[in-house]
Amino acid sequence: MSWGTELWDQFENLDKHTQWGIDFLERYAKFVKERLEIEQNYAKQLRNLVKKYCPKRPKDEEPRFTACLSFYAILNELNDYAGQRELVAEEMGHKVYGELMRYGQDLKAERKHHLQEGRKAQQYLDQCWKQMDSSKKKFERECREAEKSQVTYERLDNDINATKSEVEKAKSQYYLRTHMADESKNEYAAQLQNFNAEQWKHFNNAIPHIFKNLQDMDERRTVKLGETYRSFAEAERRVIPIVSKCLEGMVLAAKAVDERKDSGIVVESFKSGFEPPGDFPFEDFSQTLNRTSSDSTITTTPRGEKEVTQGSRPDPRHMNRTKNKLWPFGTKKPKGPPPEDFSHLPPEQRRKRLQQRIDELQKELQKEVDQREALNKMKDVYGKNHKLGDPSSLEPKISETICNMEKLRSEIHRHETWLAEVEGKQSRGDRRHSADNHHHAPPGRESPEGSYTDDTSQEHSTPHHRSHPPPTGHRPSDNTHESDDEFDDDDPLPVIGHCKALYSYDGQDEGTLVMAEDEVLYVIEQDKGDGWTRARKQSGEEGYVPTTYVDITMEKNCKGAVTYI
């Protein structure tokens, strides 16, 4: 239906309707703006959430558990999802909101132009009507004046008392007014004809054309709204495939959680390589009450452990010192920076750290090798074409690279030596454990200084002949001073084994311990290669005894060992 033919007399209403259409378009544009702002804020909050929960530690320090890796994968997918929400907001801003604002400005200008044309046409028609109405009123006045002059002329003409001059004057006045009425009539007829023609043009040509333009404008506005509605929905639909992939990635990450693998990672991460601690020997302090100092017997408990009885009275100062020295299940962090060979770690963890360090050094070495090859090629190019550069200028850099390579090779060799040492200890410890079920030797033992030792000769020393004691050396003075300092410590060394005296020893040297044949002592420090073993009597007295004088049995994972959780 055409506005020009159906609404020819509704100019003011069409003016209001077109203004409402533009207001509605701007209202929808405002809605889109607020909608895209919601998307932008949502995407921003998602990114901040991902950033908050993303790992801040280096990648090599991150846990390798599948639950953690899946969570980080979900965070990555959520970050991609936030990017899609930003894409939705961007497309709504450019293709919907921006387009609506530009189109709204164009509509306002076009509507203003059409309405101005309509008002101009209406003003011209009004002007024609005024001219026609003026001629009409003039014609009406002239007709009335002509009628008056006619009545006057007829009255004087019939009056016998009127003079001839008065009659002639009334007659001429009558003719004049009649002529003027005729002219006014002709003018009115012309103006009326002109107005009718202009009015026909106005309502059949001008107004329909203007209203058609307004109708086209309003219909284009409606079409544009429909297109922007579709664009609004398309902005969401375009990201659906990517959003679906993000959600699918989250589901796959959830399926990748493997509790068995995580448990295995826990084992690999914290496995120390130590064997569980063995049983402790029974320390019987009550048997000394009714015995003399020379009585010493060895009995067997129902569990098969050796029970020691001694006649001497225990020293109350030392009775409770080792009572609470059980296997430590906590991990003590070393003071200061860790040693370069990772000797503060258990064997298994030390092996892994050494292997990791070797791999890092190998990568650094490969970089230096590649750099040296590149420098040598550049040197050859400079040698062939001196315009490119001086070959001798590369010598310092090549020398520095070679020096770095030698340092790295040396570092790798050192770490490989430590690694071979650790692997050798572990393999030997495993062989010992499988070969002798009666001697519980740990795969890696810790000396009182905190380093691990693998000297099997100190575990179980049994001389073949007991008829004569082997010769002994004297304790060095520096060791004597060290032992004095250690004896004065309020926290005595823990028991790491026990030994049985094969010969009696008088203990004449300073720092040594008197022992009788077949007497059972507690080992608190192994032989460090000087032929002496530190022991403690049941009375609490400590000192050194010749290693060759005793039969030593080390406890499986002794009390002094350290376990790492």
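These legends go with a few close-ups of the predicted model. Local features need pLDDT of at least 70 and side-chain atom pairs count only at pLDDT 80 or more, while totals for chains, interfaces and linings use all residues. Numbering starts from 1 along each chain as its sequence is written, and side-chain values use heavy atoms, with hydrogens and water left out.

**View A. An open, antiparallel sheet of five strands.** The order is β9-β8-β7-β6-β10; strands here are DSSP runs of E, at least two residues, and helices are runs of H or I, at least four, numbered from the N terminus. Two strands pair if DSSP finds at least two bridges between them. β9 (542-546) and β10 (550-554) sit at the edges with a single partner strand each, so one side of each has no neighbour in the sheet. From one strand to the next, the twist averages 40° (lines fitted to C-alpha atoms, angles from 0 to 180 degrees between N-to-C directions).

**View B. Strands β7 and β8 side by side in the sheet.** Three bridges link β7 (residues 520-525) with its antiparallel partner β8 (residues 532-536). Here valine 523 faces alanine 535 of β8.

**View C. The largest nonpolar core, with 36 residues.** Such a core is a set of buried (under 20% relative accessible area, 1.4 Å probe, protein chains only) Ala, Val, Leu, Ile, Met, Phe, Trp, Tyr and Cys residues joined through side-chain atoms within 4.5 Å. Among the residues with the most contacts inside it are Tyr28, Val32 and Phe211.

**View D. Valine 32 and its contacts (heavy atoms within 4.5 Å).** Neighbours within four places in sequence aside, valine 32 touches Met92, Val96, Tyr97, Leu100 and Phe232.

Technical notes: Buried < 20%, exposed > 50% of the residue type's maximum accessible area, 1.4 Å probe, protein only.
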